[in-house]
Amino acid sequence: MLRIHAYDHDRLVAADAVIASAAADATSVAPQPPVIWYDLINPTAKEERDVGSRLGVTIPTQDEMEDIELSSRLYQEDGAEFMTMTVLTRPDAGTPHKVPVTFIVKGQVLVTVRYSEPRPFDAFMARARKGNGLGLHSATGELILTGLVEAIIDRMADTLERLGNDIDQISRDIFEAKASKANKKTRDLQELIRAIGQKGEFITVVRESLVSVSRVVAYYAALDGVDRKLPKEMRQRLKLLQRDATSLGDHSAFMSGKINFLLDATLGLINLEQNQIIKIFSVASVVFLPPTLVASVYGMNFANQPELQWHYGYQLALCLMIVSMALPYLYFRRKGWL
């Protein structure tokens, strides 16, 4: 799917709507607003060729976008800058996915190539289409690029904030455990380990995306004064984006350290619980060892043992053995040690 956007006065508009309006008013001689953004979403080969022929560039394929080499993600070709970053999708579902998004800037025109629909794109377009000056930062392809990156960073900031709240809840669950039985407490801690692992993987994906965004912003900022002269507003916005990406990266590193601390604490609590159970068993075995030793040595060496004359003495001894094994077993199960 190909979406073409033009800049009309103070907002982004769909180019198809502008063309249709001009065609309906045959007497109008007003100049058409310039097309500044080609948005390719799951593009077909024909759409890629059409956009490429209009701008004189070669649109990268999906396989080329997924290459991890820096030279395949940030490069110049045909007078245009090609920049591919990793963007998160579906972070609210708890299972984020990494998708590559390519930005192509040639002159005042921006081309975006994506095979998913991250929410920051929709959020930016909704804001840029509003009037009353709200869409002033979308007059050129470069400004649209920075606006999209800002929306992506804002989305990741919200994701990190929500992730931080989840980690705080896990911390409270770990250090405020209320389970009275040891086996239930151990099961709860095991569930917490799974939750910690999921959050740790989540943070890893966010950090990878932040690194990708920082590289794109640093690359484009480095072009100033080398291959082109960036406007003052553009340079300021790029500095702010670099600062925001760096601060979010530091915050994600802090959260990653907290995740490691919580994992170590959880494993330590599980070890303490298991050691406590082993301690109880050890004490029980030590307590019953002396009577067992005395009984085994002297119990059968007395001439006067009235129980030997009982008719059901053997059966009673067996019952006593079973009861002596069952009672400790049931007691340990009741305590949650087994």
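View 1. K98 is partly exposed, at 43% relative accessible area (buried is under 20%, exposed over 50%, partly exposed in between; 1.4 Å probe, protein chains only). E208 is also partly exposed, at 36%. The two form a salt bridge, with the closest N and O atoms 2.8 Å apart (a side-chain nitrogen of Lys or Arg within 4 Å of a carboxyl oxygen of Asp or Glu). The pair links distant parts of the chain: E208 in helix α7 (residues 182-222) and K98 in strand β6, 110 residues apart. Helices (H or I, at least four residues) and strands (E, at least two) are DSSP runs, numbered from the N terminus.

The model is predicted: local features need pLDDT of at least 70, side-chain atom pairs count only at pLDDT 80 or more, and totals for chains, interfaces and linings use all residues. Residues are numbered from 1 along each chain as its sequence is written, and side-chain values use heavy atoms, with hydrogens and water left out.

View 2. K46 is exposed, at 53%; D50 is partly exposed, at 29%.

**View 3. S252 is buried in helix α8.** S252 belongs to α8 (residues 232-298). Its relative accessible area is 1%. Beyond neighbours within four places in sequence, S252 contacts L160, I203, R207 and L210 (heavy atoms within 4.5 Å). A polar atom of the S252 side chain lies 2.7 Å from the backbone oxygen of G249.

Key:
Polar contact = N/O pair within 3.5 Å; in protein donor to acceptor, adjacent residues only side chain to side chain.
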